[in-house]
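Here's a quick tour of the model shown below.

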Amino acid sequence: MDNQPSADAARRPSPRPEAQPPEAHGRLLACLDSSPAAGQLVRTAARLAEAARVEWFAVYVETPDDHPTLEGQERIAKTLRLAAQLGGQTVMLSGFSRRDAILDFVREQGVAKIVLGQVSRPVWRRWFSVSLADQLRRRAKDVDFYLMAAGFQEPHPRSVPRRDAWLLVRDYGLAATGVGLCTGLAMILFPYLALTNLVMIYLLTVVLIAAVLDQGPSILASLVGVAVFAYCFVPQYYSFSLANTEYAITLAVMLIVSILISRLTSRIRYQASAASQQERQTAALYDMSRNLTTKLSLAELLPEAIEQISRTFDSQVAILMPDGAGKLHLSAGKAFPDDYGSEMLVANWVYRYGHFAGLGTKTLPKARGFYLPLRPSQELIGVLRLEPAHPHKMIALRSLRFLEALASQVALAIEREHLHQQTHQTQVQIEAERLRNALLSSVSHDLRTPLTVIAGSASSLLEGENSLDSSTKAELTQTIYDEANRLDRLVHNLLEMSRLQSGQTKLNREWHVMEEVVGCALAQLEPQLQDRPVVIQLPADLPLVRIDALLMERVFINLLENAIKYTPEQTPVTISGWITQQELLLEVADRGPGLVPGDEELVFEKFYQAGSGGARGVGLGLTICRSIIEAHGGHIWAANRPGGGATFRFTLPLDEGAPLLDKTLPELQKGHLDESPRAAH
Amino acid sequence: MNPRVLLIEDDPRIRRFLRASLPTQGYELLEAGTGHEGLSLAASQVPDIILLDLGLPDMEGIEVIRRLREWSQTPIIILSARGQERDKVVNLDAGADDYLTKPFGVGELLARIRAALRRTGAGEEDKGADIFTLDKLRVDFDRRQVFRGEVEIHLTPIEYKLLSVLIRHQGKVVTHRQLLKEVWGPSSMEQHPYLRIFILNLRRKLEDDPTRPHYLITEPGVGYRLRGE
């Protein structure tokens, strides 16, 4: 077989010989094939390289005649992975002959040692062809060879992929038809053209056929073409006997030239298709990595990855990832077919052992999907499932490598996302820790102050039982009572806050009358309000609102307490309400000193306390208000009032379907109204 | 004879605080630290009123209520922490008469006890009273007339019935479900929004300032109460 050096530069590893340290010159190369012993070869190469302290490569050469089974492909991929794990650089070359591709590589990379398998062959074959090892040895005289004898096989040139028989028949049929048409044309032109020019028509036909079809049909075209030409156009006409021996030379040249043309053309086609596939894959990989890096959450990332892979491989793709307990679940992509259980079995096997499995492989080949592990580093993070749209279509070795490359991109992106989440969680924890500390220091101050007052007052009462007059006693007792109530409110706010923050509070929303909620808040604050004027301006036709009344009451209590705390006694507080489009706007406004400009947002921050006005509190009240209002789908803000004072406003969405104020329960009244009212007494 | 109060509460500090205050107010105090002890004391000593803490170590408060209600109509007042509104409602619906939220003052407790005792007493003595008065509010049951001061107020039949139910339970909290059941019947027990609308209308008619009601007091998350005294 005639071989051309055609190793594909794009797949070479990047290091250039001149950029390498001296050890690079003793580099070692392991030539892989699809045989089961290749793993052993890789290990040996790794040991040798380690002993000599040199870089080493694991190289597999893909040739047009080489069609390993999917099992073989899997083995190659596995061997390459093993090589990568053992510290070797893995290289896939594509070329017409293994020998030339390897020799090229050896020269370019300065390889000094080659490890390869010694194929055991029957004696008779050695007479006809020279083994790869011998070929290499003959041409690379300055390279040391290590041959491993055990278990290597000759590549099987006959194991052509199971192509559709119909397609083969079609191709050969087309080739034959081409020759037929050509003969027809030659018949027409025969009276006008010289014999040599007729030869050209046949050669052109062979070129055309080789450009479109595979090597087999084009060689057939060459042979049939020469035969027909000899029969029809070479004297003696319509006979294979030749009138002149000179014609024999013409025919021989024609045969050689046309076979050469068909081989060369098909080779160019192979190269062109390899190059364009290469380009497509590079583009797809680039696309993938670019798209995945812009995605910031798994929810965005996984569908994107699945979209790309399923488009590239014309398959249904799914990604399975383990939950907290290590059980695999479908994380994204097409749901499984009906036989979910058996498919999950394959997925779990892959997740457990980290090898391919499923359709077309040796492991669990009955499955409908092909499964491969997602492994960004040592640890598996999930399984990629691929169910081809056409199950017969094999995944070629090239594609398998490509799929692996895409999968590892996905795996890396997922890992990056996981790490990102971890970092985020750590940050949240740090933030929570910071808040907890702030809370503790603030709370301990706020708890201690009333406790000091209580303990002090109580001890004064104990000590001075006989000396204190009754009005002082009453005053001390009142102080204890007030401070205890303050503590109670503080504890309540703290509990509410932690409940709201931890998301434990579930809104208990019901239709409520806003007037009643405001009334409850006022009733609770009765002792503190004393004779402070409170003006309530709520429209009489205010519709019912769907709220959690206890939480909404807390909002009013906190806003009112805030007003009481920061405004002088006797200044009025106004509670107003308006209905705007789809919203209820409520306001608690005071006539105090107002907010420090710029503080309008800050007041809602945790532990924020305005000024040093002597008022006490943890500074949680407004934060709680904001949490509650936002949980109700509204928003709250603060501002200064024209004419002095602060105003806190918040909105609540007005839901559809509020029970109407003037509607009663007509159907419910029946039968009960007839009863004597006396009966109720 | 002083009314007997049975306190079922496991916290000794709260028992001590009540031991210090109730006897000085003219009540005889019995104490129980567990639900079982409380049930046996209730049977042997026949108290006039029971104060029941909801966080007992040996049994759920609601269980104590159910067992007591099997044979006794003694008023039960629940002592519970804030934020347990659902528990309160469940216990009230199970047969408890009233509740107090911790922390509570003695004044509040005494008012509830008095209201509860008056209701049991009223069952025997005040049956014939046809006129109800509370501050400026006056209801004449014979003539079905309601007055605010000297002004007669016109109530719809439902409003009148609602007010009558609250008067019957004066001073005691009535849960939303109880009110709906007594006024509209058992099929309407979940119609809380309508009840709120009726209460709003009633307040607008009875109260000086409906947003700061004097007579009809809201017990948030639980129900309503007509002011006791």
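## Nonpolar cores

In the largest nonpolar core, which has 100 residues, the members touching the most others are A:Phe556, B:Ile8, B:Ile50 and B:Leu162. Helix 16 of chain A (residues 549-566) gives this core its largest share, 10 residues. A nonpolar core here is a set of buried Ala, Val, Leu, Ile, Met, Phe, Trp, Tyr and Cys residues joined through C-beta atoms within 7 Å. Buried means 20 or more other C-beta atoms within 10 Å of a residue's own, exposed means 12 or fewer, and partly exposed is in between, with C-beta atoms placed from the backbone. Helices (H or I, at least four residues) and strands (E, at least two) are DSSP runs numbered from the N terminus.

A second, separate core holds 71 residues, among them A:Ala45, A:Val115, A:Ile309 and A:Leu386.

This is a predicted model, so local features need pLDDT of at least 70 and side-chain atom pairs count only at pLDDT 80 or more, while totals for chains, interfaces and linings use all residues. Residues are numbered from 1 along each chain as its sequence is written, and chains are lettered from A and ligands numbered from 1 in the order in which they are written.

## Cis peptide bonds

A:Pro235 joins A:Gln236 through a cis peptide bond, with omega near -5°. A:Gln236 sits in the loop between helix 8 (215-232) and helix 9 (245-294) of chain A.

Over in chain B, the bond between B:Lys102 and B:Pro103 is cis, with omega about -5°.

## Positive phi

A:Arg53 isn't a glycine, yet its phi is positive, about 55°. A:Arg53 counts as exposed because it has 8 C-beta neighbours inside 10 Å.
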